[in-house]
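Here are my notes on this one, as numbered points. Have the sequence and the coordinates open while you read.

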Amino acid sequence: MRQSTLFVKTSKNLPKDEISESARLLLRAGFADKLMAGVYTLLPLGFKVFKKIEQIIREEMESIGGQEIFMPALQPKENWEKTGRWQSLDILFRLSAGESREIALGPTHEEIVTPLAGRFIKSYRDLPFAVFHIQNKFRNEKRAKSGLLRGREFVMKDLYSFHADQADLDGYYEKAKLSYRRIFSRCGLGDCTYLTYASGGSFSKYSHEFQTVSPAGEDLIYLCPKCSVAVNKEIIADVKHSCPQCGQKDLIEEKAIEVGNIFQLGSKFSTAFGLKFSNEQGENRPVLMGCYGIGLQRLLATVIETHHDQKGMIWPAAIAPAAVHLLALNLENEDAKKSAEKLYRDLRTARIEVLFDDRIGLSAGEKFAEADLFGLPCRVVASARTLAAGKLEVKKRSDNKTDFLAPADLIAFLRGQN
Ligand code: ATP
Ligand code: MG
């Protein structure tokens, strides 16, 4: 992608009410735009990151047998009345659809997926299965002050699993835990994200959250340094200060961001919607369910919260908008321009994703500052001076060391980075 053709520019004028560091960096860099509190547009480079995160999540959900579907955001009031949540859910957007008809803007999809599954489940032979979708959610969050970490409109991956018995649900739940670990590791959050015991509702003792330690977090967790698990402060007082796995009492209090959660719903929703199956003895039993959520913008913003410095973002390679930021300097010099254009062509031919700063009239300092702000993993500088000496300047965003390479060696060097 050529930076000269990007319709978006970086910006120094940020909305005064934007206090979230990740949101400020995204807005400054032109990766996102703010429409109103809790509602953001993803712009080309921000959307590239989003799509990479989406693809990682999709691959991991398919690896545990999830079948991808796409459910509507507009939902009938009747479904929400069946579970009592039309009244009780404070963040629900209730819309008037004219002629005394009301509908909900979906904040989650248990009320849709449960009756949907009911159309296809008759007997134990139809179980188990899992479906997921990656789709917009709407929540009238009271405090939408954390930028993309807490949106009023955001994309969630929600997976729902359906089981004949508790052992089958437990087995799947453990597989989902492992797939969540892989997702957060692949997105660069492996080292700072903890499986966290949270309150479980009426059907299981605990649910589990995946909490990323960060000062930007709205949650407080207690970390067990030995087991690398944590307990959410919200949980009942008696387990609060001891590790649920080893019993250790010296837990470390940290602020953390809930990047995902998994929950055993048991028969809560199947009872509300009459979702039953007939077992091998021909008896009707309620289907058991689990639900598993991840907020995509929240995950993206969490990566920035944990991967940035004063100069800007520092993207992990797997989700960076591109692998290489190629900065061409001295473009008024015909030889320098030709060499930079050839490098850009060669990188593309080698299928290495590259953002090419081919803009004329900017100083080297301005280009360097933007490269640091955007945070692509590797910066390659092609200037008249170094090219004349047969060299390129190559630097990783995550360290301060600069290498000098012959242009012919660049592609092999970059491939070696991954
Ligand atoms: P929170 O405790 O942060 O309010 P929640 O427990 O209500 O979230 P769920 O309803 O279980 O969250 O949603 C599943 C996942 O969706 C969360 O783990 C989080 O990653 C994401 N998520 C929830 N609310 C938001 C939001 N307002 N903006 C962005 N992502 C969200
Ligand atoms: Mg929560």
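This is a predicted model: local features need pLDDT of at least 70, side-chain atom pairs count only at pLDDT 80 or more; totals for chains, interfaces and linings use all residues.

1. Residues are numbered from 1 along each chain as its sequence is written, chains are lettered from A and ligands numbered from 1 in the order in which they are written, and side-chain values use heavy atoms, with hydrogens and water left out.

2. Start with helix H11 (residues 364–374). Its buried residues (buried is under 20% relative accessible area, exposed over 50%, partly exposed in between; 1.4 Å probe, protein chains only) are Lys367, Glu370, Ala371, Asp372, Leu373 and Phe374. What do the buried residues of H11 pack against? Their partners are helix H1 (21–29), helix H2 (44–63), strand S18 (312–313), S19, S20 and S21.

3. Strand S19 (residues 324–328) is mostly covered, with 5 of its 5 residues buried. Val324, Leu326 and Ala328 point one way, while His325 and Leu327 point the other way.

4. Now the neighbours of S19; two strands pair if DSSP finds at least two bridges between them. S19 runs parallel to strand S20 (residues 354–357), joined by 4 bridges, and Val324 has Val354 as its bridge partner there. S19 also runs parallel to strand S21 (residues 378–382), this time through 5 bridges, with Leu326 opposite Val380.

5. S19, helix H10 (residues 334–349) and S20 form a right-handed β-α-β unit. Right-handed here means that, with the strands pointing away from the viewer, the path from the first strand over the helix to the second runs clockwise.

6. Follow the pairing onward from S21. S21 and strand S22 run antiparallel and share 4 bridges, with Arg379 standing opposite Lys395. S22 (residues 392–396) has 4 of its 5 residues buried. Antiparallel to S22, and joined to it by 4 bridges, is strand S23 (residues 402–405), where Asp403 stands opposite Val394. A hairpin of 5 residues links S22 to S23.

7. One annotation to look at: an unreviewed UniProt entry places a "coiled-coil region" at residues 326–353. UniProt positions are in the numbering used here, feature names are shortened, and annotations may be inferred rather than shown by experiment. In the model, that span is 57% helix and 11% strand, and its end C-alpha atoms lie 10 Å apart.

8. Next, the domains, whose bounds come from an automatic or database domain assignment: domain 1 is 3–309 and domain 2 is 322–415. Their centres, taken over C-alpha atoms, are 39 Å apart. How many residues are in contact? 10 residues of domain 1 touch 12 of domain 2. About 1000 Å² is buried between the domains, 52% of it on carbon and sulfur atoms; buried area is the accessible area (1.4 Å probe) that two parts lose on being put together, summed over both. On the domain 1 side, Gln3, Ser4 and Thr10 lose the most area, together 50% of what that side buries.

How values were computed. Contact means heavy atoms within 4.5 Å.
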